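Reader: Can you take me through this one? I'd like to begin with how the chains touch.

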Amino acid sequence: MTPGPRRDMIVIGASAGGVQALRRLFGRLPADLAATVGVVLHRSPFAESMLAEVLQRSSRLPVSEPKHAERFAKGKIYLAPRDHHLIVEDGRLLLTRGPKEHYTRPAVDPLFRSAAKSWGPRVIGVVLTGSGDDGVSGLIAVKTAGGMSLVQDPAEAVHDSMPETAIEQDHVDGILTLDELADALPRLVAGGSLPSQSRRVDVVR
Amino acid sequence: MFALPPDLRPGTGDQVSGITCPTCHGSLRVRAEGNGHLHFTCRVGHAFSLKEALEAHEQFFEDTVWAAIRAAEELEQLLADVIDYRRRGAAAGPDGTYEERRRRAHEDAASLRAVLDDDQPIAFGGDAPAATGGHDV
């Protein structure tokens, strides 16, 4: 098999239903995943929470809320802290209190857009369960920059409107269940391609 | 005057729209992405989908009618209290037109309340809008 492009920057966005979905996904990702994983889960800007600790309990990969300007590494999961956008730059993660997008901060779009800008074809963007329209524009930016766009199968998502809207608004590369995503991501990172049975854009719902 | 630029379609890039940011009230630009997804952004970077912009305008319309109802009801109350105040002899002066104005303000408030009672804002299928929640934690 000819290796495809190197894809080692995974960005994931989720909203309502996201804790369960991320725990399921992280629980199945291998400990030697050779990619950086950035995650935005919509969360209250005002409430302290143990979200990173909760996700860590299900994950072999280390999960943390990075510090501003922290250098990122492969094999680690970085979670946007409350009230901050998570921005990917060359080698560093920035935390900003920039303008809310879709009334929320952290928001998925700034993470995806910044990853697309700095890492282009090396990005895999994944939109999971959630309500509302955050993530749609960001996923289009990932795809436009040569990256790969994936969404959780809306039939499986607790809240289907985020993945559903992403599918409606762009030609996403794959529609996968969480378990299929957990299988596909390490293969894509290693230069492989999507399993042929993964549902494609033309699914009519 | 337009709300959406007449030639808006994927590929035309950001253009000035005729509507303003629900959060900071600055001008909004709009572009069509992907299969036609509309993405609105203001000068400082607040960003909205079309659905969110529609919801915001629905909310602004209702809020604005409530503001008009408040104005009419405060006017009515103020006139009623002034009429009463003068009747108690606390102040001199004619108040002949005040009662007529008080009555009209009362009717105006009732008409405005009827506008909201009868109104049917646009409804979207699917989940609750992001603006009203959706937080997991």
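Author: First, the term: two residues are in contact if their C-beta atoms, placed from the backbone, lie within 7 Å. This is a predicted model, in which local features need pLDDT of at least 70 and side-chain atom pairs count only at pLDDT 80 or more, while totals for chains, interfaces and linings use all residues. Residues are numbered from 1 along each chain as its sequence is written, and chains are lettered from A and ligands numbered from 1 in the order in which they are written.

Reader: How many residues does the contact take from chain A and chain B?

Author: It takes 32 residues from chain A and 23 residues from chain B.

Reader: What are the model's scores?

Author: ipTM is 0.86 and pTM is 0.89. Chain B has an average pLDDT (the predictor's confidence in each residue, from 0 to 100) of 90, and 88% of its residues score at least 70.

Reader: Where in chain B does pLDDT stay under 50?

Author: Over residues 127-133 of chain B, for which the model has 19 contacts beyond four places in sequence.

Reader: Switching to chain A. How many helices and strands?

Author: Chain A has 6 helices and 10 strands. Its radius of gyration, taken over C-alpha atoms, is 15 Å, close to the 17 Å that the globule rule gives for 205 residues, so chain A is as compact as a globular protein of that length. The rule is 2.2 Å times the number of residues to the power 0.38.

Reader: What share of chain A counts as buried?

Author: 55% of the 205 residues. Buried means 20 or more other C-beta atoms within 10 Å of the residue's own, exposed means 12 or fewer, and partly exposed is in between, with C-beta atoms placed from the backbone.

Reader: Which residues have the most contacts inside the largest nonpolar core?

Author: Ile10(A), Leu22(A), Val39(A), Leu111(A), Phe112(A) and Ala115(A), in a core of 61 residues. A nonpolar core is a set of buried Ala, Val, Leu, Ile, Met, Phe, Trp, Tyr and Cys residues joined through C-beta atoms within 7 Å. Apart from it lies another core, of 9 residues, including Cys21(B), Phe40(B), Cys42(B) and Phe48(B).

Reader: Backbone next. Where is the cis peptide bond?

Author: Between Arg105(A) and Pro106(A), with omega about 5 degrees. Pro106(A) is in the loop between strand 7 (92-96) and helix 3 (108-119) of chain A.

Reader: What about phi of Ala69(A)?

Author: Phi of Ala69(A) is near 70 degrees, a positive value in a residue other than glycine. Ala69(A) sits in the loop between strand 3 (63-64) and strand 4 (70-71) of chain A.

Reader: Is Ala69(A) buried or exposed?

Author: Ala69(A) is exposed, because it has 11 other C-beta atoms within 10 Å.

Definitions and conventions
Helices (H or I, at least four residues) and strands (E, at least two) are DSSP runs, numbered from the N terminus.
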